[in-house]
Structure formats: structure tokens, C-alpha cells
Amino acid sequence: MPVVSLQHTSIHLQEMNAGAPETILMVHGMFTNLSIYYFNIAPVLAQRFHVVLYDLKGHGMSGRSSQGYDLQTMSDELLELMDKLGLDTVHLAGYSYGGLIALKAAMRFPGRINKLAIIESPNPYEQETMRIADIYSKELLVHFINDHAGDTAVRPGKRQLQRRHRMYEQLLKESSIRQDMQQERDFFSSPQLAGIPHETLLIYGNASDCMFAGQQLHQKISRSQLILVNGDHNIPVQEPFPIAYALKDFFGT
Amino acid sequence: MDQLTQPTQLSEEAILEVLKQFITEVIGQEFVEDLDITPQSSFTKDLEMDSIEIVAFSEKVKAHFGKDIDFTGWLSNMDLDEIINLNLGDITKYIQSCL
């Protein structure tokens with residue numbers, strides 16, 4: 001399992017097509033992990049690009065951390081990871097909160113990023129939308145329980161359920177993640193956001209609560225284009241291939 | 001003397017044994033002891049593996065069987081539902097077809 005040690009944490013990553021001249025670095029959202037890209041979206045991009053996926057700290061197989069989930073720290077760690085991997089410049093893609101990390105990185109280190117793609121990132125001011133992650137997490141748990149409701153045999157340990165539950169407990173109760181996300185509520189009002197110079201692709205679900213945030217970003221970022229795909233906030237799972245080919249076209253031209 | 005397969009070609013049983021070892025490494029010996037791992041075992045329903053564990057499993061398959069197996073490429077043609085419903089027999093057959 002490839003793991004890179006950073007100053008304050010350890011990061012699990014996966015690479016595809018290493019050696020290709022251009023690199024796409026992909027950032028997942030809160031309460032998920034790199035697998036959201038790994039199976040469908042990344043292999044399509046790897047037909048042409050070097051693709052690097054990593055688990056944010058506290059997620060997937062990266063190290064646990066009780067603090068530092070704000071955009072400043074998360075974008076610091078993104079840059080530190082790039083330095084460790086010897087990546088001078090990358091195309092950067094982020095989903096949900098990972099898209100906010102990507103935007104923050106573009107604002108702070110514009111020279112290190114070529115093109116930018118943002119998928120379903122919410123406006124942090126709308127805390128209701130930010131809570132989608134929580135609601136979605138609960139749905140996952142409910143779905144899991146229902147899925148097994150018909151089984152008469154007791155499943156040994158319900159290991160998967162326990163794993164997920166443990167992650168939510170760690171992140172939501174034992175870390176500063178909620179406060180760190182809340183402190184970002186004025187992020188869309190930041191003047192630097194409107195100054196992002198990069199060519200930017202915004203991909204949103206046409207039935208998503210976050211779609212208005214996509215429109216706001218489209219208005220603020222001068223060199224942006226907004227495309228809609230069928231689905232809600234969960235479009236990387238619902239429509240991976242339209243997203244993969246949109247990204248491939250965008251980064252490849 | 002009646003060997004029909006080439007000496008280098010692994011049987012489905014041998015491949016399955018390797019895959020079982022990978023599953024043990026990914027989810028841990030203590031959980032595997034409670035499971036009956038067969039070719040019909042699916043990742044999520046039977047083995048209770050989640051998607052990041054399937055990533056770790058895929059990585060081991062690629063590292064072990066080499067670059068002749070485009071395991072990720074094979075998976076990438078499936079949607080996530082198909083991937084989580086895959087069973088070990090499907091994977092064994094795919095690997096054998098590549099060797």
C-alpha cells in the first residue's frame with residue numbers, strides 16, 4: 001500500500017499510468033475516500049494522463065487526525081504531497097469538499113496548477129447543504145441495515161457497518177472537522193476566489209442541492225464553464241463515465 | 001502425465017487460494033475465520049468488503065499477477081454495482097484468461 005509521510009500525517013495514494021507527461025491529481029470529498037474515483041473515472045483518465053488519487057487524512061487508509069480539516073491546512077497538505085511526489089504542476093480535480101480544497105489550492109498556489117475541475121462543491125455558507133454529507137452518511141447506514149434485514153442468519157460482527165460507524169465517530173465526535181468546515185462559511189465571498197485565473201470546469205448534478213453553488217462559481221470564476229449531468233450530489237457514482245469523459249476532454253485540450 | 005494445462009498456467013483453485021490470502025491480508029485473519037470463502041463469495045454481501053478494501057485487494061492482484069493483467073481496466077468497464085456484486089469465481093476466471 002503506497003503511503004507518503006507528511007509533516008503531520010500519512011497519506012495513502014494510488015497512481016495510474018505513472019510516466020505520462022501530464023498529471024491529474026484528484027481530491028475526494030468528506031466521509032468518502034479515493035475509491036470514488038478509482039474504479040471508473042480514474043482508469044478513463046489514465047488512458048492519457050498520469051493520475052494520482054489520495055485519501056485525505058482521517059479517511060480511507062490515510063492516517064487519523066483530530067484536527068486540521070480547514071481549507072488552509074488541507075491545501076497545505078495537498079501542496080506538501082505534490083512536493084513529496086516531485087510534481088511541479090498538475091491538473092487538479094476535486095469532489096464536494098475536495099473541490100473546495102482544490103479551489104483553495106488554486107487561490108494560494110496558482111502557478112502549481114494547470115487546469116481545475118470542480119465536481120459538486122457546495123457553498124459552505126449554506127450549512128444546510130454542507131449537512132448533506134451527514135444525511136447521506138446516515139442513509140448509507142440505513143441502506144446497509146435494510147439490505148440485510150431479510151437475512152435470518154446473524155452476520156458475523158457486521159464488520160462493514162462497524163467500520164463506517166467508527167469512521168463517523170472519529171471524524172464527527174473526536175475531531176474538529178465540523179468546526180473546521182463551519183469556519184469556511186464565507187469562502188465563496190473571498191476576493192481571491194473571483195481572482196482564480198485557471199481554466200475551470202464545473203460539473204454538477206441537475207437534481208443536486210449544490211447546483212446553485214455551481215452557478216455561483218461559474219459567475220465568479222471568469223474562465224469557467226459549467227456542465228450538468230443527470231443526478232444529485234452523488235454523481236461520481238451515478239454517472240461516472242460522462243464525468244470521466246468530460247474531464248478527459250477538458251484536461252486534454 | 002495427463003496434464004492438459006501448460007506448466008505455467010495456474011489452476012482456478014490455485015488462483016482462488018492466492019485471492020483468499022489477499023482477502024485475509026486486507027480484512028484481517030480474525031474476520032476471515034468466520035467466513036466460508038468460495039468462488040461464489042461476493043465482495044460486499046458475503047465478504048463485507050467496502051470500496052477502499054476492494055482498492056487494496058485490486059492493488060495486490062496487480063502486484064502479484066503482473067502487468068499482463070489489466071485488472072483495473074477490466075473493473076473500469078463495470079459500474080459500481082457490478083463491481084460490488086462480483087464474486088471471486090468471476091475474478092479467478094478473468095485472471096486465468098490473461099495468464
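pLDDT is the predictor's confidence in each residue, from 0 to 100. Keep it in mind here, since this is a predicted model.

**Exercise 1. Confidence and make-up of chain A**

Find the mean pLDDT of chain A and the share of its residues that reach 70 or more. Then find where the pLDDT is below 50.

Solution. 
- Step 1: For chain A the mean pLDDT comes to 89, with 88% of residues at 70 or more.
- Step 2: The stretch with pLDDT below 50 covers residues 144-157 of chain A, and beyond near neighbours in sequence it has 6 contacts in the model.

**Exercise 2. A strand and its partners**

Look at strand β4 of chain A and work out how many of its residues are buried.

Solution. 
- Step 3: On to the pairing. Strand β2(A), residues 10-16, runs antiparallel to β4(A) and is joined to it by 4 bridges; here Glu15(A) has Val52(A) as its bridge partner.
- Step 4: Strand β3(A), residues 23-27, pairs with β4(A) in the parallel sense over 5 bridges, and Met26(A) stands opposite Leu53(A).

**Exercise 3. The nonpolar core**

Which residues have the most contacts inside the largest nonpolar core?

Solution. 
- Step 1: This core has 85 residues, and those with the most contacts inside it are Ala42(A), Leu45(A), Val51(A), Leu53(A) and Ala102(A).
- Step 2: Helix α4(A), residues 97-108, gives the most to the core, with 8 residues.
- Step 3: Take Val51(A) as a close-up. Leaving aside neighbours within four places in sequence, its contacts include Ala42(A), Leu45(A), Ile24(A) and Met26(A).
- Step 4: For background, nonpolar side chains tend to be buried together in soluble globular proteins.

**Exercise 4. Where the chains meet**

How many residues of chain B are in contact with chain A, and which helix of chain B supplies the largest share?

Solution. 
- Step 1: 16 residues of chain B are in contact with 19 residues of chain A.
- Step 2: On the side of chain B that touches chain A, α3 (51-65), α4 (71-76) and α5 (80-85) of chain B each supply at least two residues.
- Step 3: The largest share, 6 residues, comes from α3(B).
- Step 4: By type, the residues on this side of chain B are 8 nonpolar, 4 polar and 4 charged.

Note on methods:
Residues numbered from 1 in each chain as written. Chains lettered and ligands numbered in written order. Predicted model: local features only at pLDDT ≥ 70, side-chain atom pairs only at ≥ 80, totals over all residues. Contact = placed C-beta atoms within 7 Å. Nonpolar A, V, L, I, M, F, W, Y, C, P; charged D, E, K, R; others polar. Buried ≥ 20, exposed ≤ 12 C-beta atoms within 10 Å, placed from the backbone. Pairing = 2+ DSSP bridges. Core = buried A, V, L, I, M, F, W, Y, C linked by C-beta atoms within 7 Å.
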